[in-house]
Amino acid sequence: MNRISKASSDLKDNLKIATHNVKDKITFNSDFNKDDELIDHYKHDIEKCVKGLSFIKNQTKRIGLSYWPRLFKLNLKLVDLFLRLLGESSLHFKGIEQFYEDFDKYSAELEVPLVHPKERELLISSVNEELLNYRSTIELLSFKVKKDWDIHVQQVKMRVDQMNSYLKDTLKLIKKRQVKQLDYNRTHHKVDKLQKKNIPLDEKEHEKLNSLDSKLKSQYDSFEILDNKLKTILPHVLTFLDEFIEDLTKLVICQQLHTLEEVSKRLKHFSTYHGFLAGDNGDLQSYEAIANKWESAITGTRLQIESFIGAINSKNPDLINKEIDEKDKTLSATKMWNKVSQTVTERAHKVKPKDHTNGVFNDYLALDPLKSFLEYNDPQKNRSETYHPTRKVDIDDIIVSKPPASPPLPPLPPRSNTKPLPMVIASKVTTPLPPIPNSQSRVQSPSVPKYAQFHDPLDLEEEDEDDTSSIISDSSFPSVSSISSEVLIQNSTPNLVERDLTRIYNGSKNERQVAPIPDLEPKHDIHPYHSDIFDKTSSITYKLNRINNFFGRILDTTNGGKKLIAKYDFDGKEPGDLSFSKGDVIEIVCDFQNIDTLYINDDKNWLIGRTSSKNTENFRMGFVPSNYLAAT
Amino acid sequence: MSWIGLKKAINRAGAQVMHKTGLLEQTHDKEYEFEEKRYRAMEAASQKLHKELRHYLETLRTLTRSQVSVADALALFYGNPDDILQRLQEMNSDNITTTHELNNGVEELEPVYNQTVLNPLARFNSYFVDVNDVIKKRGRKMLDYDALRAKKHKIDRAKSSGEQESPDEDEAASDLTREADLNALALAYHVINDQLKEDLPKLINLRTPFLDPSFEAFVKIQLRFFNDNYHHLGKLQLKLDAQTKQDYMTGELENRIDRVLAKIKALNIAG
């Protein structure tokens with residue numbers, strides 16, 4: 001018995017030390033209390049943020065999907081009413097046709113025709129037009145603004161929802177930590193109670209103490225995992241939340257600004273068009289000026305109507321000569337009603353951070369260094385202190401892992417300098433020499449558009465298809481570029497070249513009145529004269545079709561060339577480019593650098609290649625940048 | 001009400017019932033009816049317009065107020081502006097003051113809107129009360145005239161059917177007075193009828209010069225309002241970094257938000 005009690009007291013001592021340490025760590029450590037306080041603070045702020053964000057989301061939805069559309073809808077309604085009052089066929093009522101009919105019957109019997117009541121209607125067409133234009137302006141605006149806000153609302157909703165779900169996860173985590181803490185404290189309490197017993201512990205109690213102790217340890221471990229995780233995560237969450245809200249603010253401001261700009265721009269255009277702003281140098285009038293202008297416009301009419309009303313029924317003589325003032329004439333009951341409905345519909349929301357003064361993100365608020373310098377004579381004094389010492393602010397930014405960047409690719413060869421030249425080669429390779437053109441077509445008319453001076457190879461190819469001899473004589477090609485003609489002369493046999501050919505060519509050059517400046521458009525600029533099955537000659541489909549024809553022609557005449565290996569991946573930038581990946585074998589079908597010396601020979605060029613494959617029927621073909629290839 | 005007035009009213013009530021049931025022959029004037037119907041159309045439209053214009057102001061208020069509330073909520077993330085040093089919250093307190101300026105914008109707008117748009121419409125509608133009085137008067141005169149005419153016809157018919165009764169002097173005298181009464185009533189009716197026929201189109205035609213300036217003012221006030229708001233907000237935007245607007249235009253701003261979301265996702269909170 002004695003032995004046991006001694007052993008148990010030993011055990012107790014040991015345990016005491018162990019638990020004391022743990023206890024120290026969790027309950028007595030001041031840092032720990034601070035942590036609790038801090039996490040509580042975070043929790044409060046995050047809860048408020050979730051509410052605030054939801055409010056912003058809903059309010060944005062309301063503004064975008066309800067208030068703006070309603071404003072425009074009312075505006076349309078108003079202008080329709082104005083139209084009913086002032087516009088064409090205004091003040092028409094149901095059954096007016098009957099009256100017109102009767103009138104027609106009546107006036108048919110008369111010798112002197114009467115003015116039809118329809119024509120007696122006073123319609124000021126400028127007013128009518130103004131109203132109709134206003135209507136279409138508003139319609140347009142309504143459409144645009146609605147579209148914009150639809151998108152905006154969607155975007156805000158999506159992102160705020162996402163953010164809120166993260167924030168809620170954080171809150172859950174905090175709660176989990178609290179639960180673990182509570183569990184731990186409870187077990188700890190039990191252990192304490194057992195230890196405080198003065199009488200020696202019996203066997204059963206020993207067992208219990210041991211099991212409790214191990215439980216305590218495991219609970220502490222799981223608590224610590226959560227605690228550490230929270231402590232690392234929370235500052236980040238707040239930083240990102242700060243960033244998120246800042247960007248959201250910007251987005252909201254920009255969206256509102258955009259809408260306001262749109263509305264005021266359209267209205268201004270309308271007002272200027274109808275002369276509403278005349279006499280003010282196009283500036284906007286102040287409210288006072290608007291009122292003055294209105295008063296001067298209306299007073300005459302008002303007096304006229306009022307004296308007239310007074311003449312037929314002078315029951316309310318006070319009315320006459322009383323100016324229309326700016327007082328709110330709404331009945332007080334109506335006002336009350338408005339106020340009540342306002343409080344019902346109005347949803348204000350206050351985000352209440354724990355720290356009222358500094359808000360949620362208090363430790364990031366920084367002053368402009370210039371301002372701090374002015375204020376404190378020290379540009380560095382631009383940070384308000386963090387409110388808690390254990391809060392770590394200097395944590396590294398979380399980096400979202402990106403796919404490893406591939407080594408920089410060499411620049412693509414220029415495309416522009418290959419532009420006029422392939423044409424020469426293409427014609428040389430694929431076409432027999434053209435017969436002597438007749439002089440009629442060679443005379444160049446000055447009205448030739450400048451792009452006719454330079455053709456793409458594709459154009460020539462296309463022409464070949466129809467009639468080889470029509471290359472020059474075709475009416476859609478009234479001119480031949482100077483380069484082409486020179487090459488033509490160099491390559492043709494002397495008996496085909498007559499002396500007057502040169503003369504006529506040179507003569508036409510002298511007659512040329514349009515500078516042969518090549519178009520700066522990309523190389524696949526298609527001659528607009530071709531009417532093809534493609535409506536849009538600028539479309540990619542069209543270009544690809546032309547390029548295909550071109551390639552087909554080259555394939556017919558060449559039997560493949562050397563094989564090269566791709567050094568890099570290439571995705572293709574323009575239609576007609578051949579995409580390949582590193583290591584692919586590319587068979588060069590046509591290399592202009594080898595064929596023509598005129599061609600720029602610096603190994604930075606576009607070759608025509610095809611993917612090498614065993615099956616010769618299935619391959620892809622296209623332009624290949626030569627500096628992406630290496631010899632096998 | 002005087003005794004005569006009461007008697008008149010009772011007589012008219014009877015005549016009105018007969019009018020309605022078709023027992024009494026009704027005087028018709030197509031020309032007048034046409035004008036009255038036009039006038040009624042104008043009355044209805046203008047009253048509705050007044051109502052909708054009031055409604056419009058409310059909507060404008062609601063819109064601005066909700067914009068302000070969003071701005072307030074955003075600003076409060078950065079603390080309460082009442083008890084902090086203003087300069088610590090450059091951007092967002094600016095947002096709040098600016099949107100309050102928007103609110104002031106509505107307050108500025110209201111008096112002018114009242115003066116040039118709402119109250120003129122109210123005034124215009126108040127004219128109808130007077131005109132309606134005259135129209136009612138015409139109706140009464142018409143009833144009197146119709147009733148007396150019908151009475152006369154009845155007596156005449158009775159006379160022609162029972163001609164054997166020799167007309168005594170009394171009846172001849174009452175015939176004469178009836179005739180005179182009828183003429184007087186006809187005159188009264190025609191005077192007022194002609195007056196209305198002439199004056200209603202005049203009033204109707206005056207609507208355009210009266211209402212058009214209000215429409216112009218309505219448009220201009222809106223322009224001014226939205227433009228003011230635009231400039232208030234624009235001032236604020238100047239304080240944002242210059243990149244922001246560019247980013248907004250290119251959609252980069254949204255991408256930035258998405259990147260933040262991606263980062264917070266990378267924290268793996270739930271996991």
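Trainee: Which residues form the positive surface patch?

Mentor: The positive surface patch is formed by Lys190(A), Lys193(A), Lys204(A), Lys208(A) and Lys215(A). This is a predicted model, in which local features need pLDDT of at least 70, side-chain atom pairs count only at pLDDT 80 or more, and totals for chains, interfaces and linings use all residues. Residues are numbered from 1 along each chain as its sequence is written, chains are lettered from A and ligands numbered from 1 in the order in which they are written, and side-chain values use heavy atoms, with hydrogens and water left out.

Trainee: What makes a group of residues a patch?

Mentor: Patch residues have over 30% relative accessible area and no salt bridge, and like charges are joined within 9 Å, while nonpolar side chains (Val, Leu, Ile, Met, Phe, Trp, Tyr) are joined within 5 Å. A salt bridge is a side-chain nitrogen of Lys or Arg within 4 Å of a carboxyl oxygen of Asp or Glu. Lys and Arg count as positive, and the place of a Lys charge is taken as NZ.

Trainee: Why is Lys204(A) called exposed?

Mentor: Its relative accessible area is 68%, and exposed means over 50%, buried under 20% and partly exposed in between (1.4 Å probe, protein chains only); Lys204(A) is therefore exposed.

Trainee: Which helix gives the most to the positive patch?

Mentor: Helix 6 of chain A gives the most, with three residues, and Lys204(A) is found in that helix. Helix 5 (125-196) and helix 6 (203-273) of chain A each supply at least two residues, where helices (H or I, at least four residues) and strands (E, at least two) are DSSP runs numbered from the N terminus.

Trainee: Why is strand 4 of chain A called largely enclosed?

Mentor: Five of the five residues of strand 4 (residues 621-625) of chain A are buried, so this strand is largely enclosed by the rest of the structure. Strand 2 (residues 585-590) of chain A is mostly covered, with five of its six residues buried.

Trainee: How do you know that strand 3 of chain A pairs with strand 4 of chain A?

Mentor: Two strands pair if DSSP finds at least two bridges between them, and strands 3 and 4 of chain A have five, in the antiparallel sense. Leu607(A), for instance, has Val624(A) in strand 4 as its bridge partner. Strand 2 and strand 3 (residues 606-611) of chain A are also antiparallel, over four bridges, and Cys590(A) is partnered by Ile608(A) in strand 3.

Note on methods
Areas by Shrake-Rupley, 256 points an atom, 1.4 Å probe, with all protein chains shown as cover.
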